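Please read the points below alongside the sequence and the coordinates.

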Amino acid sequence: LVVNRAVVNLDISSNPFGPKGAHAFGQMLLQNTTISDLSMNRCKLTDAGEGLGTVEGGIATIAESLAQNNTLVMFELEANGLHEENESMRAANTALSDALHKNTTLLKLST
């Protein structure tokens, strides 16, 4: 997907990637210049189980990519635990909020 020149809409919902997957997709979004619609609903991006990485690390990478990506117009992150009340989610949501202030192309973000 990093060198992708054809895929514009990508729905990878319901795949349990976890925080490490969030990190990997964030890295991809830093370099991808074609995906405009991405759905990652129900991907357990905030489930920090054994070997899955940290919540803050995965969501922070997605946030970093949102701040820099200029092709993504729609991003769905529903049912990934971003509304939970704990320190990890506050840090993750702060990173997403900061990134959205820098992004100029994203029209829809659903969490």
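Buried here means a relative accessible area under 20%, whereas exposed means over 50%. The model is a predicted one, and by the burial criterion Met89, Ala92, Leu96 and Ala99 of helix α3 are buried.

**Helix α3**
- The buried residues Met89, Ala92, Leu96 and Ala99 cover an arc of only 90° around the axis, which puts them on the same side of α3.
- An α-helix has 3.6 residues a turn, so residues three or four places apart point the same way.
- On the other side of α3, the residues Glu87, His101 and Lys102 are exposed.
- Helix α3 comprises the 16 residues 87-102, which at 1.5 Å a residue should span 22 Å, and the 23 Å between its end C-alpha atoms agrees with that expectation.

**Ile12, in the loop between β1 and α1**
- Ile12 lies in the loop that runs between β1 (9-11) and α1, and with a relative accessible area of 11% Ile12 is buried.
- Leaving aside residues up to four places away in sequence, Ile12 touches Phe17, Phe25, Leu38, Ser39, Met40 and Cys43.
- Although Ile12 and Met40 are 28 residues apart along the chain, their C-alpha atoms are separated by 5.4 Å.

**Ser36, in the loop between α1 and β2**
- Ser36 is placed in the loop between α1 (18-31) and β2 (37-39), and its relative accessibility of 16% is why Ser36 counts as buried.
- When residues up to four places away in sequence are not counted, Ser36 touches Val8, Asn9, Thr71, Leu72, Val73 and Met74.

Terms used
Residues are numbered from 1 along each chain as its sequence is written. This is a predicted model: local features need pLDDT of at least 70, side-chain atom pairs count only at pLDDT 80 or more; totals for chains, interfaces and linings use all residues. Side-chain values use heavy atoms; hydrogens and water are left out. Helices (H or I, at least four residues) and strands (E, at least two) are DSSP runs, numbered from the N terminus. Buried means under 20% relative accessible area, exposed over 50%, partly exposed in between (1.4 Å probe, protein chains only). Contact means heavy atoms within 4.5 Å. The expected span of a helix is 1.5 Å times one less than its number of residues. The arc is that of the directions from the helix axis to the C-beta atoms.
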